[in-house]
Number of protein chains: 2
Amino acid sequence: MKIGILGYGNLGRGIECAVKQNDDMELAAVFTRRNPDTVKILTEGVKVYPVSDILEHKDEIDVLILCGGSATDLPVQTPEYAKYFNVIDSFDTHARIPEHFNNVNKAATESGHTALISCGWDPGMFSLNRLYANAILPQGNDYTFWGKGVSQGHSDAIRRVEGVKDGKQYTIPVEAALEAVRNGENPELTTRQKHIRECFVVAEEGADLNKIEETIKNMPNYFADYDTTVHFISEEELKANHSGIPHGGFVFRSGITGWNGEHKHIIEYSLKLDSNPEFTSSVIVAYARAINRLHKEGVNGCKTVFDIAPAYLSKASGEELRAHLL
Amino acid sequence: MKIGILGYGNLGRGIECAVKQNDDMELAAVFTRRNPDTVKILTEGVKVYPVSDILEHKDEIDVLILCGGSATDLPVQTPEYAKYFNVIDSFDTHARIPEHFNNVNKAATESGHTALISCGWDPGMFSLNRLYANAILPQGNDYTFWGKGVSQGHSDAIRRVEGVKDGKQYTIPVEAALEAVRNGENPELTTRQKHIRECFVVAEEGADLNKIEETIKNMPNYFADYDTTVHFISEEELKANHSGIPHGGFVFRSGITGWNGEHKHIIEYSLKLDSNPEFTSSVIVAYARAINRLHKEGVNGCKTVFDIAPAYLSKASGEELRAHLL
């Protein structure tokens, strides 16, 4: 199957790497809004085209993967390209998923294409684990923790503070909260009790460090509700020790069974990821296989990870899966 | 939807408890090979019938859950009852799944019923996690650990030793092995390095304790390849502290991504269960909902957990799932 990539940032590059790991796929083309001559990709022999030419390559692509941002790119791009391609995106603005789904579903249904939105790990694998665990243990509590990992939004917020040259923010789950959940204590946790925020900041020369630290720690929505630590480091140190994009997290369901709810059960799913965009890409590429198959079976419209039987993700046959993985 | 239970042991009782937790289901009937007058169930107003009368109740049952054993019951029962009912079993003899699948698939396809085999947590939720994780990270290693929990087969083996009155065996993952996997070390682990076995034994009066201990520790297949500890305790202590049926375990995928495999990722799924049969039952009951729906949609034949889209397990609509769990 042939994969197209629209948008060659961290996610697009991750898709390219994931395609290389799957021998039933190949990268057909990369499309960019930049000048294609300035975009250097890794795969030999594959071309980069301006996005304006994308429809000329309609018949060379089985699934087009949209690697734009959720704020402004995907709400426009996914419904638009679902008119011409089978598409997948990683739309992650949870509150706007229903609206986005309806727009994409309309376009895909009318054009006879197959689309998948909100693919990745949250939304994505974490959502799946919430669904399975809720269906299995209807009486119980859900807990999701993120990290340890880099939050792009919070790092951006730091960099907007006056006197800050550069910075990275890590979201870290509170170990005591994880343990309480694991022990079946069903704690009620405040925002502060669930995560801490650790900031590594490069200040501009002569900047007021105390003022920067106070501004960060009291920033509403981003930091004020958390225990936040701020470390001032050099630009070299930031580059050497904080240029990765790790992430991860934990999804728990803590539930009870028995005639009188006398037995406790803990379901825990966790991810520890060296590269957030590459893992997200790996999930997307597995689902691209599923979308391609569903399309060939005549299934159209918009789907989410909830709608796709797991066997569609694997290149192994049903027979092989039953013999080796069941 | 109406559930029938065939076989009222630990699993059948667990199904009964799980049905109570799901308000879109009710228990229709329990069928037993014992004298029905001797089987006392928990649900008021529901009758226990002899299994010989089961076909008289064909039209009162949407899904029949087979709660027999994998060694001799299910290989016969599941294909037989798939002729008349939608059925689910928890067949867990991994090596014989392909053969069992074919037998059940033939019966269910010919009769126009929907069947699901090998449902529970292993096979079941663990299998699902192996499949998802393998599809996402095609380059990597799988690890499955079981416990801490009671192994029925090993407890039975202890009880067959001369001089043993009663006993329980716990399978326990080796903590150092779990940590090595979690750290992405991709260890090659021997049987002995993965699990330890802890036995609690009630000896008959005057029995040779040293001989019992040596016999257990050197038992081929069951204990010889493991570090095994044997504790002799009183009958009262066994009853007071070891009459539960806890279990659980861990499924890991440790994989790499990136153009040159430069980034590591760990996917971990774990279960900590106070009651093995009640959790297995809870999984089965969620899948009963899926099987009932698939049957109404006209999907027949034998399925496994790999073939079922997650949304079918939940009583919430697609719209609700997208809004609240995605």
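Analyst: Helices and strands here are DSSP runs numbered from the N terminus: a helix is H or I over at least four residues, a strand is E over at least two. The model is predicted, so local features need pLDDT of at least 70 and side-chain atom pairs count only at pLDDT 80 or more, while totals for chains, interfaces and linings use all residues. Residues are numbered from 1 along each chain as its sequence is written, chains are lettered from A and ligands numbered from 1 in the order in which they are written, and side-chain values use heavy atoms, with hydrogens and water left out.

Now the join between the chains. Contact means heavy atoms within 4.5 Å. On that basis, 68 residues of chain A touch 68 residues of chain B. Buried area is the accessible area (1.4 Å probe) that two parts lose on being put together, summed over both. Chain A and chain B bury about 6,300 Å² between them, and 63% of it is on carbon and sulfur atoms.

What does the polar side look like? A salt bridge needs a side-chain nitrogen of Lys or Arg within 4 Å of a carboxyl oxygen of Asp or Glu. Between chain A and chain B the count is zero. A polar contact is a pair of N or O atoms within 3.5 Å; within protein, one must be able to donate a hydrogen and the other to accept it, and residues adjacent in sequence count only if both atoms are side-chain atoms. The rule finds 29 residue pairs in polar contact across the interface of chain A and chain B, both residues at pLDDT 80 or more.

Several elements of chain A each supply at least two residues to the side that touches chain B, among them helix H1 (10-20), helix H3 (97-111), helix H4 (125-136) and strand S12 (247-257). S13(A) gives the largest share, with 11 residues.

Next, the join inside chain A. Domain bounds come from an automatic or database domain assignment. Domain 1 of chain A is 2-122 + 277-325, and domain 2 is 126-275. Their C-alpha centres lie 28 Å apart. Here 11 residues of domain 1 of chain A are in contact with 14 residues of domain 2 of chain A. These two domains bury about 1,100 Å² between them, 68% of it on carbon and sulfur atoms. A:Trp121, A:Asp122 and A:Phe306 supply 55% of the area that domain 1 of chain A buries against domain 2 of chain A, more than any other three residues.

Side chains of opposite charge can pair when their charged atoms come close. Across the interface of domain 1 and domain 2 of chain A the rule finds one salt bridge. A:Arg130 and A:Asp122 meet in a salt bridge, at 2.8 Å from N to O. The interface of the two domains of chain A also holds five residue pairs in polar contact, both at pLDDT 80 or more. Helix H10 (residues 276-296) of chain A gives the most to the side of domain 1 that touches domain 2, with four residues.

Over all chains the salt bridge count comes to 34. One more example is A:Lys106 with A:Glu110, whose closest N and O atoms are 3.3 Å apart. These two residues are four apart in helix H3 of chain A, so about one helical turn separates A:Lys106 and A:Glu110.

Last, the backbone. Most residues other than glycine have a negative phi, and most peptide bonds are trans. A:Gly147 and A:Lys148 are joined by a cis peptide bond, with omega about 0°. A:Lys148 sits in the loop between strand S7 (140-146) and strand S8 (149-150) of chain A. In chain B, the peptide bond from B:Gly147 to B:Lys148 is cis, with omega near 0°. B:Lys148 lies in the loop between strand S7 (140-146) and strand S8 (149-150) of chain B. A:Asn221 has a positive phi, near 70°, and is a residue other than glycine. The loop holding A:Asn221 runs between helix H8 (209-217) and strand S11 (227-232) of chain A.
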